[in-house]
Amino acid sequence: MEDILMKIYEYYSGSDRDMLLRAYDFAKQAHKNQKRASGEPYFIHPCAVAGILVELGLDAETIAAALLHDVIEDTPATEEDIRQNFGDGVLTLVSGVTKLDKIVFKSQEEEEAENFRKIFIAMAKDIRVIIIKLADRLHNMRSLNYLSPERQQKMAKETLDIYAPIAGRLGISQVKCELEDLCLKYLDPAAFEYLVENIHQKLEERTRFVNFVVEEINDILVESNIHGEVFGRPKHFYSIYKKMKTKHRTLDQIYDLTAVRVIVGTIDECYEVFGKIHKKWKPVPGRIKDYIATPKPNLYQSLHTTVVTDFGQPFEIQIRTEEMHRTAEYGIAAHWKYKEQRENETSLDQRISWIREMMELQGGFKDSKEFMNTVKEELYSTELLVFTPQSKVISLPEGATPVDFAYAIHSEVGNHCTGAKVNGKIVPLNSTLALGDVVEIITSPTSKGPSRDWLKFIKSSSAKAKIKQFYKKETKEENIRTGRSLLEEAAKRKGYALGEILTAESFKKISEKLNLDSQEEMFAAVGYGAITVNQVLFKLIDYFRKEIPETPALRPFKQKNAGGTVSVKGLTGLLVSFAGCCSPVPGDDIIGFVTRGRGVVIHRRDCSNMKNVEAERLLPAEWIVKEGDTRFKATIVVYAEEQGAALSAISHATTDMKLSITSINGRYDKNDAAIVEVTVSLLSRQDVEVLIGKIKANEKILDVHRMSN
C-alpha cells in the first residue's frame with residue numbers, strides 16, 4: 001500500500017498526482033473493514049493492480065480507476081460518488097470492469113458469458129478497460145494460493161482460456177507469460193514443479209552457452225559497425241510445457257530453453273545482422289520467420305531464426321529495433337508508456353480494430369455464450385498469412401477459404417462474392433488456402449448475397465457473423481412478425497396480454513439489459529433467435545409484477561382441461577384455477593395463492609412467481625387424484641442430434657403411454673442440435689417422469705427435461 005504511494009509521487013505530478021492521492025484515500029476508506037482470503041487488508045489488492053499498471057506506463061485516469069475498480073461492486077460507494085469525485089472518464093473505466101452482480105442469471109455460465117460481453121463492449125469504447133482487467137487478474141493469480149483447490153482450478157482455467165490470449169492479442173507479452181506460468185502452476189502442479197527443478201539444475205550450463213552465443217553476436221555487431229544490444233532471455237515455463245506436450249518431447253529434447261535477442265537501431269541493420277548470423281551458423285529449415293515484413297495481428301515485429309552452432313546445439317535468435325522491442329514487451333500499453341514516441345491514433349485504432357469489428361457484429365449472435373465462443377475462436381485461431389493481388393497481407397485462421405478472405409477484405413466483397421482465383425487459377429470457394437497464397441475475389445453487383453451453405457465450411461468467426469448479419473437484415477420484416485407472434489403466444493400461455501406488459505417503461509428497463517434500441521429490434525431479435533422468448537418475457541413479467549401489485553400472473557388463469565381436484569387447508573370442492581406460469585400437475589408439490597376477490601390460484605411450490613408474494617396469502621394445498629380425473633398439461637423440452645429423431649422418440653413414447661399431444665414446436669440451436677418443445681395432456685407427475693424416461697431411452701436424444709419458469 002505504501003509502494004503505490006511512492007510510485008504516484010515518482011511518476012505523476014500536478015493535477016494527476018492530486019487525483020490519484022484522492023482516489024487512494026477514497027478506496028482505502030471504502031475498503032477499510034474488508035479482508036482478502038489471506039487475511040490481509042483488501043485494499044492491498046487495488047493498490048497492487050494500480051502498481052502493475054504504473055509499471056506498464058498507463059495514464060492517471062487508468063491508475064485512479066484501478067484503485068477504485070472494486071468500490072462499486074464491493075462497497076456502499078455508488079457510480080454517482082465516482083462521477084462527482086473523479087469525473088466521467090474514471091467512472092467509465094470503473095464501470096467497465098465492474099461485474100454484473102446485481103442481475104440474476106439462469107446459470108453461472110451465462111453470468112460469465114454476459115460479464116465477458118460487457119467487458120468487450122467497454123473495451124470497444126476504451127481499450128484501457130481490458131488492461132485494468134488484465135492487471136486485476138494478474139494480481140489475483142499471484143495470490144491464488146489462499147483459495148480452495150476448486151476455485152484455484154476454475155480461475156486458472158478461465159485465465160488460460162480468456163485473459164492470457166487477450167494479453168497476447170494486445171501484445172503485452174510480459175503479462176501474458178506470467179499469467180500462463182501461474183495457470184500452469186495450478187492446472188498441472190506436478191509438471192510445473194518438474195520444470196522449475198530441472199531447468200534450474202541446468203541453469204549454469206545453459207548460461208555458459210548463452211554467454212558464448214552473445215559474445216559471438218557482439219563480435220558481428222562490432223565488425224559491422226552496428227551499435228546494438230545482445231542478451232539472453234529464458235523462455236517461460238508454459239511455452240516449454242506446451243512444446244513438450246504438442247511435440248511429444250522430453251525436457252532434454254528441448255534445446256531452445258533460452259532465446260537470444262539482438263536489439264539494433266534500424267530495420268536495415270536487422271536484416272544485415274540476420275544475414276551475417278546465417279553466414280556464421282547454419283539456419284534450421286522452416287524456422288525462419290520474418291515478422292517485420294508481415295507483422296502479427298497485434299503488430300508484433302521481429303526477425304526469428306533458429307541456427308545450429310559449431311557444437312551442434314540449436315538456439316533461437318530474435319532480431320528487432322528498439323521500437324519493435326517496446327511493442328513486443330508492452331504491446332498496446334506502449335501507446336501510453338513511451339510518451340516521447342507515442343503512436344498516432346490511427347495506429348492505435350489499427351491495434352484494436354478486431355475488437356471493434358467483433359462488437360459491430362455482436363447483434364448477429366444468438367446470446368452472450370455464442371459471442372464468447374466466437375471471441376475465443378478469434379483469440380485462439382492459428383495464423384495464416386495470405387496476400388491480395390496488390391501485395392497487402394491478410395491474416396486468416398488456419399484452414400481458411402476464399403470466402404473467409406473475401407469477408408476479411410470487406411463485408412460487401414463477401415456478400416457479392418461469386419468466385420475466386422488463387423495464384424492466378426480459378427478455385428472452388430471451399431478450397432483451403434495455404435501460407436503465401438495470392439487470392440483474388442470475383443464479385444458480381446447482381447449477386448443476391450451469400451449462400452447459407454458457406455457457413456458449413458468457412459473458418460473465420462467474423463465471416464460467419466457477417467453472413468448471419470446479412471440474413472438478419474434481409475429478413476427483418478419477417479423476423480419482426482415472427483418475434484411479435486412468438487411473444488404474444490408465450491405471454492398468452494402465461495395469462496398475459498403482450499400489450500399489457502410491454503409498455504414504454506418496461507421496454508426501457510429490458511433494453512438496457514439486452515442492448516436493444518427499439519421494440520422492433522427486440523421483435524426481430526426474437527424472430528431470428530438472437531435472444532429467446534423467455535429472455536424477454538420473464539423480464540417483462542418480473543417488471544410488471546413489481547410495478548402493479550395485483551398482476552395477471554396471480555389471477556385465475558382460464559386453462560382448458562384444468563378441472564382436477566385439490567384440497568386447500570383440508571377443505572374440498574373449492575373452485576380453483578391453475579397457474580399458466582408453472583402448469584402444476586398431480587404429484588407436483590403445490591401451494592394455493594389467494595387472489596383479491598377472484599378465488600385461489602394453484603401454483604407449483606417452486607414457482608418463481610411465488611417467491612416474493614405476501615406469506616399470509618399463501619395456503620397449503622394438496623392433490624386429490626382419482627382414476628379417470630381430468631387430464632393436465634405439461635411441456636417437455638427434448639434436445640436431439642436431429643429433429644427427426646426427437647419427433648420419432650416423442651411419437652413412440654406418447655403413443656405407448658396413450659397420451660395426447662396438444663402442441664409441438666421445433667427449432668435448431670447454434671450448434672445445430674434440435675430442440676423440440678412438446679405439450680402433452682396427462683394425469684400425474686409420475687406420467688411426466690415416465691414420459692421423460694421413455695424419450696431419454698432413445699440413443700439419439702441428448703437431453704430431456706420438463707419446462708419450468
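This is a predicted model: local features need pLDDT of at least 70, side-chain atom pairs count only at pLDDT 80 or more; totals for chains, interfaces and linings use all residues.
Residue S302 sits in the loop between β4 (289-290) and β5 (303-308). Two polar partners of the S302 side chain can be named. One is the backbone oxygen of I319, which the side chain of S302 reaches at 3.2 Å. The other is the side chain of R320, with which the side chain of S302 makes a polar contact at 3.4 Å. Leaving aside residues up to four places away in sequence, S302 touches K289, D290, Y291 and I292, together with Q318, I319 and R320.

From this one residue the description turns to the whole chain. The protein chain contains 30 helices and 20 strands. It has 709 residues, of which 51% are buried. Among the contacts in the chain with a separation of 6 or more, 66% are accounted for by residues 24 or more positions apart.

A single pair illustrates such a separation. E477 and G527 are 50 residues apart in sequence, and their C-alpha atoms are 9.5 Å apart in space. E477 belongs to helix α24 (residues 476-493). Is E477 buried or exposed? Its relative accessible area is 51%, which is over the 50% limit, so E477 is exposed.

V90 touches M19, E61, A64, A65, L68 and I82, when residues up to four places away in sequence are not counted.

Helix packing is the next topic. Two packed helices are described by the angle between their axes and the distance between the axes. Helix α11 (residues 173-187) and helix α14 (residues 237-246) pack at an angle of about 60 degrees, and their axes are 7 Å apart. On the α11 side, the contact is made by E180, D181 and L184, while α14 contributes F237, Y238 and Y241. Sorted by class, the contact of α11 with α14 has four nonpolar and two charged residues, and no polar ones.

N423 has a positive phi of about 55 degrees although it is not a glycine. This residue lies in the loop between β9 (417-422) and β10 (425-427). N423 has a relative accessible area of 47%, between the limits of 20% and 50%, and therefore counts as partly exposed. K658 likewise is not a glycine, yet has a positive phi of about 55 degrees. The place of K658 is in the loop between α29 (643-656) and β18 (660-668). Its relative accessibility is 67%, over the 50% limit, so K658 counts as exposed.

The protein chain has an average pLDDT of 79, and 81% of the residues score at least 70. Over residues 100-105 the pLDDT is below 50, and this stretch has 10 contacts in the model beyond near neighbours in sequence. The pLDDT also stays under 50 over residues 549-563, where the model has 48 contacts beyond four places in sequence.

Methods:
Residues are numbered from 1 along each chain as its sequence is written. Side-chain values use heavy atoms; hydrogens and water are left out. Helices (H or I, at least four residues) and strands (E, at least two) are DSSP runs, numbered from the N terminus. A polar contact is a pair of N or O atoms within 3.5 Å; within protein, one must be able to donate a hydrogen and the other to accept it, and residues adjacent in sequence count only if both atoms are side-chain atoms. Contact means heavy atoms within 4.5 Å. Axes are lines fitted to C-alpha atoms, for helices over the stretch in contact, and angles run from 0 to 180 degrees between N-to-C directions. Ala, Val, Leu, Ile, Met, Phe, Trp, Tyr, Cys and Pro count as nonpolar, Asp, Glu, Lys and Arg as charged, and the others, Gly among them, as polar. pLDDT is the predictor's confidence in each residue, from 0 to 100. Buried means under 20% relative accessible area, exposed over 50%, partly exposed in between (1.4 Å probe, protein chains only).
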